Amino acid sequence: MSVEPSAAPLTFETLYSEPSIIGTLPVAACWSADGSSLAFLWNDEGHTFRDIWIWEKHSKARRRLTHLGTGRTSGEPTGISELAWLSGGRLAFVLQGQLYLAAADGAVSPLAIGTQGVSAIASSSDGTKLAFLSGNALITVAADIAAQPKPLVVGSKFVGVESFQWAANGSLVFIEADDTNTRKIEIPYDSHGEARKDRFVRSFPGDLLTRRRVGLVRPEGGPVSWFDRPDAEDAIWGYGLSANGKSLFISSSDLSIKNHTIFMFDTGSGARSVFYAAHDPVKIRPDWQVAFAPDGEGLIVLTDRDGYNHLHRLPGQGGAFEPITSGAWEIAEFALDASAGKIYFIANEAHPAERHVYSVALTGGAVTRLTGPAGIHVPTYAPDFSAFADLFSDDMTPPEFFVQSLGGAVESAQVTHSPLPAFAERRWADVRYVPVISHVDGAELMARVMLPRNFKPDGTHPMVVGSVYSDGLLNQWGGRAAHPSWGIDQYLASRGFVVVSPEIRGSFGRGRDWNRPMLNSYGTQDIEDIADCVTTLTGLGYADPKRVGLWGSSYGGLMTLMSLFKKPGFYAAGFAGAPATNVWHAYPEQGWIMGLTEGEDYIERYRAQSALFHSAGLEDALTILHGTKDEVVLYADTMALVEKLIGQGKSFELVTLPGTGHAWAKQDRTLTRFAYGKLASFFERHLKA
């Protein structure tokens with residue numbers, strides 16, 4: 001006898017508690033060298049502490065390798081954070097910044113004793129050595145509990161290794177970041193009854209930036225070979241060493257990302273040449289990826305030079321691009337299978353809100369889709385490309401690991417099942433996708449719409465639009481997952497709200513020309529895209545146009561404020577979390593869109609994109625929520641806006657979160673329930689009256 005799932009309104013205790021009703025997200029998929037075993041981090045009871053689990057390909061069975069989380073429940077640490085396979089069926093892992101070794105039988109021993117703050121662990125191809133970061137230093141250690149760690153590159157307070165990778169010849173290639181000349185700021189705040197002050201490295205538009213260079217070193221130590229670019233403040237988007245170790249590329253751009261250069265270095269002499277250079281005055285997304293071609297002949301480059309992010313072969317310096325894929329869709333990332341002459345990639349070819357895994361020959365030709373169910377697929381490939389672990393989710397299904405074979409018949413085996421039994425006992429919101437046409441330029445847009453129970457397109461429902469942000473159109477549980485907003489979305493839908501995630505310009509998947517209008521257009525083109533979604537949906541009867549609310553955080557907070565300030569009366573209410581009100585205090589990298597601090601127009605350009613200078617238009621209900629220890633969007637900027645609103649005689653509400661940083665909805669469950677409770681009650685008051 002089947003039981004009808006409950007459609008009663010949800011509570012925050014149901015949604016944001018431990019154990020979690022949706023289970024614990026499985027993470028850190030990692031294949032053994034022979035591709036026979038998959039390791040990952042998970043908790044099968046929905047608690048936060050993750051242990052190591054193993055799934056064996058031959059038996060298709062999983063087992064729990066470590067039991068460090070046994071008995072740990074609410075309020076405990078999140079457990080093991082990283083893992084890497086070593087030789088002999090052993091695994092290295094990180095727990096609270098310390099490095100450990102797990103034997104094949106699960107016995108745990110400390111590794112590299114005395115080393116603090118371990119992160120980014122990665123094993124050599126033969127599994128006998130481990131490289132990792134400790135603070136700002138790059139260190140290696142033999143896969144033996146008695147081995148002593150060996151520092152390869154020693155950092156200092158403001159100089160250190162930012163990232164690294166093992167090369168095919170056993171060397172380590174890395175980026176060193178130097179913040180000596182980067183601005184340092186202090187943020188004073190009150191927390192737990194005390195006055196406190198934290199210090200951050202934080203640059204603003206026009207400041208000196210982090211300087212970066214690439215180094216090459218052997219794992220046993222020795223001198224470092226350095227590879228410098230003409231401007232060390234230029235961004236680095238990728239780097240790699242050729243299979244024979246003789247060449248090294250650096251994919252780089254200026255701060256505005258309008259000029260992309262791939263430098264090639266001779267590792268013996270250090271000689272530098274420009275392998276490829278391009279200028280694109282309307283570029284606003286740095287989606288480049290570069291890799292050496294498996295046969296050693298040139299590079300494989302992911303670029304939107306033809307309008308969409310696609311794969312090209314660049315056979316030689318200054319040569320012509322040879323397209324491998326094409327079409328009115330985009331590739332997010334790729335991996336090379338040299339032995340089979342294939343490229344595997346993730347793309348949205350099937351639908352703007354979906355991400356599937358595909359394959360194509362290195363020479364181009366037919367593209368083969370490898371994943372079936374509609375949704376978001378995130379692959380982790382076995383070293384021999386015999387299979388991949390697929391972290392899959394869709395609008396109705398929290399993320400789970402599956403394993404799919406890449407050889408012979410396609411088969412898929414489910415590895416995890418995370419939700420608690422109570423998940424199946426609840427009725428969750430239905431989701432549909434509605435196409436939208438921009439009134440500005442006729443461009444195609446789309447809205448992800450969550451529907452309440454007994455929905456009828458009669459124009460009577462209240463509607464909440466948000467969390468608004470770029471890359472928000474995703475067919476996965478919770479849509480955009482940067483905030484844990486799946487719960488607040490479901491909460492609102494269970495109480496009769498239509499909940500909308502609008503597609504806006506500046507997002508992945510629709511091509512360069514589609515994104516072009518966002519240049520110098522924070523708070524202009526983006527809020528028009530959101531408004532077009534609202535107008536279309538209310539016109540189709542999805543909601544009452546007089547009862548529409550809007551919310552977002554950070555850049556989403558900027559869009560919320562600009563929407564209320566520039567379109568008074570269009571929305572009934574707006575909730576802005578950690579709103580970026582002043583682009584003069586943005587990260588310099590936002591110059592991709594807002595432009596740099598140069599040219600006679602930049603002051604007016606920055607004023608036009610800063611909500612602080614548009615507040616006179618506020619007529620509708622507004623709540624601002626902000627943490628006092630936010631180094632990304634300064635709490636002082638919210639205070640400046642508050643002072644201005646008071647001076648203008650505006651009515652609004654302010655919710656302050658003491659000692660809380662930028663990710664205000666992720667700090668802990670108590671704070672999440674409080675903050676989202678404020679959001680929900682605000683919209684209940686202003687949209688249901």
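Where in the chain is the place of Ser554?

Modeller: Ser554 is in the loop between β39 (548–553) and α6 (555–566). Helices (H or I, at least four residues) and strands (E, at least two) are DSSP runs here, numbered from the N terminus. Before we go on, this is a predicted model, where local features need pLDDT of at least 70 and side-chain atom pairs count only at pLDDT 80 or more, while totals for chains, interfaces and linings use all residues. Residues are numbered from 1 along each chain as its sequence is written, and side-chain values use heavy atoms, with hydrogens and water left out.

Back to our serine. Its phi is near 65°, a positive value in a residue other than glycine. Ser554 counts as buried because its relative accessible area is 11%; buried means under 20%, exposed over 50% and partly exposed in between, with a 1.4 Å probe and protein chains only.

With 29% relative accessibility, Ala28 counts as partly exposed.

Then there are the cis peptide bonds. One joins Glu18 and Pro19, with omega about 0°, and Pro19 is in the loop between α1 (12–15) and β1 (27–31). Another joins Gly466 and Ser467, again with omega about 0°; Ser467 is in the loop between β37 (463–465) and α3 (486–494).

Positive phi values turn up in hairpins too. Five residues lie between β31 and β32 in their hairpin, and Phe385 takes a positive phi near 55° there. Those strands run antiparallel and are joined by six bridges, with Thr380 standing opposite Ala389 in β32. For two strands to pair, DSSP must find at least two bridges between them.

Follow that pairing and you get an open sheet of four strands, in the order β31-β32-β33-β34, with antiparallel pairing. At the edges are β31 (376–381) and β34 (412–414), each pairing on one side only. Strand β33 (residues 397–405) is joined to β34 by three bridges, and Gln404 has Ser412 in β34 as its bridge partner.

The other hairpin is that of β29 and β30, with six residues between the strands, where Gly364 takes a positive phi near 90°. Two bridges join these antiparallel strands, and the partner of Tyr358 in β30 is Arg369. On β29's pairing with β28 (residues 342–347), there are six bridges in the antiparallel sense, with Ile346 opposite Val357. Five of the six residues of β29 (residues 356–361) are buried, so this strand is largely enclosed by the rest of the structure.

Now for a pocket. On a 1 Å grid over the protein atoms alone, a pocket is an open set of points with protein on both sides within 12 Å along at least five of seven lines, whereas a cavity is a set where a 1.4 Å probe fits but cannot get out; lining residues have an atom within 4 Å of a point. Points are joined across faces, edges and corners, and a volume is the space filled by probe spheres set on them. The second largest pocket has a volume of about 1,400 Å³. Its lining has 49 residues, of which Leu25, Ala481, Pro484, Trp486 and Lys666 lie nearest its centre.

Rings of Phe, Tyr and Trp (its six-membered ring) pair if their centres lie within 6.5 Å; planes under 30 degrees apart count as stacked, over 60 as edge-to-face and the rest as tilted. Searching the whole structure turns up 38 such pairs.
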